[in-house]
Amino acid sequence: QVQFVESGGGLVQTGGSLRLSCAASEFNFSRYSLAWERQAPGKERELVAGITSAGDSTAYAPSVKGRFTISRDNVKSTVYLQMNSLQPEDTAVYFCNAVSAVEDGNYWGQGIQVTVSP
């Protein structure tokens, strides 16, 4: 059974840091592009960061560029989102996503809450 399990969320003060992790099992992780998305209350879901299957290219939303870093460990089948200089507007539920046209797969984590207090 495919699993894609998130961890690392929580409550942090403005300016603080968190690292989200999303661990995969039962699919060919290294052949998937990965992304983190987030959804704040009353707002549409937005793409935060993405990384290619090889890990050789990343992309970020303008709102997080320079503060967040996406990375992957294909040995551990885990994707990370390092979040620094957190702001209250970063408060949202964060979702990891794995997609592969070759593998015909699209998997989502269960979502994890990140709350940044003023």
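Analyst: Two strands pair if DSSP finds at least two bridges between them. The model discussed here is predicted.

User: How many bridges join strand 4 to strand 5?
Analyst: At least two bridges are needed for a pair. Strand 5 covers residues 46-51 and runs antiparallel to strand 4. The number of bridges joining strand 4 to strand 5 is 5.

User: Which residue in the turn of the hairpin of strand 4 and strand 5 has a positive phi?
Analyst: The hairpin formed by strand 4 and strand 5 has 6 residues between the two strands. In the turn, a positive phi of about 75 degrees belongs to Gly 42.

User: Over how many bridges do strand 4 and strand 9 pair?
Analyst: Strand 4 pairs with strand 5, and strand 9 is another partner of strand 4. The sense of the pairing with strand 9 is antiparallel. The number of bridges between strand 4 and strand 9 is 7.

User: Which residue in strand 9 does Glu 37 stand opposite?
Analyst: Glu 37 has a residue opposite it in strand 5, namely Leu 47. In strand 9, the residue opposite Glu 37 is Phe 95.

User: How many of the 7 residues of strand 4 are buried?
Analyst: A residue is buried when its relative accessible area is under 20%. By that cut-off strand 4 is mostly covered. Of its 7 residues, the number buried is 5.

User: What is the relative accessible area of Asp 90?
Analyst: Asp 90 also meets Arg 67 in a salt bridge, with 2.7 Å from N to O. Arg 67 lies in the loop between strand 6 (58-60) and strand 7, and Asp 90 in the loop between strand 8 and strand 9, so this pair ties together parts 23 residues apart in sequence. Arg 67 counts as buried because its relative accessibility is 16%, under the cut-off of 20%. Asp 90 is buried too, with a relative accessible area of 0%.

User: Which residues are linked with Arg 38 in a network of salt bridges?
Analyst: Asp 90 meets Arg 38, and Asp 90 also meets Arg 67. The network holds another residue besides these. The residues linked with Arg 38 are Glu 46, Arg 67 and Asp 90.

User: How many residues apart in sequence are the parts tied together by Arg 31 and Glu 103?
Analyst: Arg 31 and Glu 103 form one of the 4 salt bridges in the structure, with the closest N and O atoms 3.0 Å apart. Arg 31 lies in the loop between strand 3 and strand 4 (33-39), and Glu 103 in the loop between strand 9 (92-100) and strand 10 (105-108). The number of residues separating the parts they tie together is therefore 72.

User: Is Arg 31 buried or partly exposed?
Analyst: Buried needs under 20% relative accessible area and exposed over 50%. The relative accessibility of Arg 31 is 42%, so it falls in between and counts as partly exposed.

User: What kind of aromatic pair do Phe 27 and Tyr 32 form?
Analyst: The structure has 5 aromatic pairs. The ring centres of Phe 27 and Tyr 32 are 4.8 Å apart, and both residues are buried. Planes over 60 degrees apart count as edge-to-face. The planes here are at 65 degrees, so the pair is edge-to-face.

User: Which residues form one aromatic cluster with Phe 27?
Analyst: Phe 27 also forms a tilted pair with Phe 29, with 6.3 Å centre to centre and 45 degrees between the planes. Both of these residues are buried. The residues in the cluster with Phe 27 are Phe 4, Phe 29, Tyr 32 and Tyr 107.

User: At what distance from the ring centre of Phe 95 does Arg 45 lie?
Analyst: Arg 45 lies over the face of Trp 108, at 5.0 Å from that ring centre. Arg 45 also lies over the face of Phe 95, where the distance from the ring centre is 3.8 Å.

Key:
Residues numbered from 1 in each chain as written. Predicted model: local features only at pLDDT ≥ 70, side-chain atom pairs only at ≥ 80, totals over all residues. Heavy atoms only, no water. Phe/Tyr/Trp six-rings, centres within 6.5 Å; stacked < 30°, edge-to-face > 60°. Buried < 20%, exposed > 50% of the residue type's maximum accessible area, 1.4 Å probe, protein only. Lys NZ or Arg CZ within 6 Å of the ring centre and 35° of its normal. Salt bridge = Lys/Arg side-chain N within 4 Å of Asp/Glu carboxyl O. Helix = DSSP H or I, 4+ residues; strand = E, 2+ residues; numbered from the N terminus.
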